[in-house]
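I opened this entry to keep track of what I looked up, going from the whole chain down to single residues.

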Amino acid sequence: MRTAIGIDIGGTNVKCVVVRDDGTLIESRAFPTGDANNAWRDGIAQAVSVLETSHGLADCIGVSSPGLAARDGSTISWMQGRMSGVQGFDFTAHLQRDSRVPVMNDAHAALLGEAWIGAAKGCDNAVLLTLGTGVGGAILCEGRILKGHLGRAGHLGHITLDANGDPDIINTPGSLEDAIGDHNISKRTNGRFQSTADLVRAANAGDVFAKQCWLASINGLAAGIASIINTTDPEMILLGGGISKAGDDLLNPLNQELDRFEWRPTNQRVPIVFAALGDLAGAYGAVRNAMEYLQT
């Protein structure tokens, strides 16, 4: 049975897994990214060495990273600002591998992992929304991750909900990311709350203003999801990221709003489910991508 190593480079931590080709996890480990001085470069080389010393040489290695992956999966071709050190970085040479270490966008990888052994297992059409500081996403279309011409497909946080709204970080007006992302929660609540978790706690404690703000965020999310459903016709929508930890406080009002917004021509609603693989989804997706590349 083959084994593979998956590496997911996040803004805070790097996650590494050793996985068999049936999806069985052998070992996982994590370490701080160190974006400021690109410490992750030596960190992943050391992690691979330790894992292979313990479990033998991996048949393949895959990487998940922020940014737009090159069409051939050789590098991250575009990543400006935070984590800019990944742009153009040659993981194959750095890890001294004879065969390519394929690289994949982190949100694409997370959905690939979920479709392999997670909440979307068995689906051919699914959408992942990661709700956190910002809003990321990925689209599984007829069994394949939709990447697009430049690799930017799935940036669903940057769809427009309000054409007259303020521009977001990439100049999209009134975006889904700005409607529910944690990055501007203080602005959306007139400075009263610094995180969505605090907002939800206050809403549950009976704070009327907090409840209004939370329901307004969910209203925007529901409108975005309804548009995504009309565009991609998925079997399910997966929710991941820190905000998804709100659980039923998110899901129940979201489903109520979707009862108003969602087009259901066959009287079938699209299930909204929580992602299953947590922080390791990107690493699992990196493994799956590497295994698929190995077979080509």
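What share of the contacts in the protein chain with a separation of 6 or more comes from residues 24 or more positions apart? I found that such pairs account for 59% of them, a contact being heavy atoms within 4.5 Å.

Before going on, I noted that this is a predicted model, in which local features need pLDDT of at least 70 and side-chain atom pairs count only at pLDDT 80 or more, while totals for chains, interfaces and linings use all residues. Residues are numbered from 1 along each chain as its sequence is written, and side-chain values use heavy atoms, with hydrogens and water left out.

Entry on the whole chain. I listed nine helices and twelve strands in the protein chain, helices being DSSP runs of H or I with at least four residues and strands runs of E with at least two, numbered from the N terminus. The radius of gyration is 19 Å, close to the 19 Å that the globule rule gives for 296 residues, so the chain is as compact as a globular protein of that length; the radius is taken over C-alpha atoms, and the rule is 2.2 Å times the number of residues to the power 0.38. Along the principal axes, the C-alpha atoms fill a box of roughly 60 × 45 × 35 Å. Of the 296 residues, 51% are buried, where buried means under 20% relative accessible area, exposed over 50% and partly exposed in between, with a 1.4 Å probe and protein chains only.

Entry on helix α3. I compared the span of α3 (residues 106-117) with expectation: its twelve residues should span 16 Å at 1.5 Å a residue, and its end C-alpha atoms are 17 Å apart, which agrees; the expected span is 1.5 Å times one less than the number of residues. Ten of the twelve residues are buried, so α3 is largely enclosed by the rest of the structure; among them are H108, E114 and W116. At its start, a side-chain oxygen of N105 comes to within 3.0 Å of the backbone nitrogen of A107.

Entry on helix α7. I found that α7 (residues 208-232) has 25 residues and reaches 36 Å from its first C-alpha to its last, close to the 36 Å expected. At the start of α7, a side-chain oxygen of D207 lies within 3.1 Å of the backbone nitrogen of F209, and just after the helix D233 takes a positive phi of about 50°.

Entry on salt bridges. I counted twelve salt bridges, each a side-chain nitrogen of Lys or Arg within 4 Å of a carboxyl oxygen of Asp or Glu. One of them joins K187 and D166, with the closest N and O atoms 3.3 Å apart. This pair links distant parts of the chain, 21 residues apart, with K187 in helix α5 (residues 185-188) and D166 in the loop between β10 (144-145) and α4 (176-180). K187 is exposed, at 60% relative accessible area. R264 bridges to E262 at 3.1 Å between the closest N and O atoms, and E262 is buried, at 9%. Salt bridges with shared partners join D259, E262, R264 and R269 into one network.

Entry on I169. Leaving out residues up to four places away in sequence, I169 touches H158 and E177.

Terms used
A polar contact is a pair of N or O atoms within 3.5 Å; within protein, one must be able to donate a hydrogen and the other to accept it, and residues adjacent in sequence count only if both atoms are side-chain atoms.
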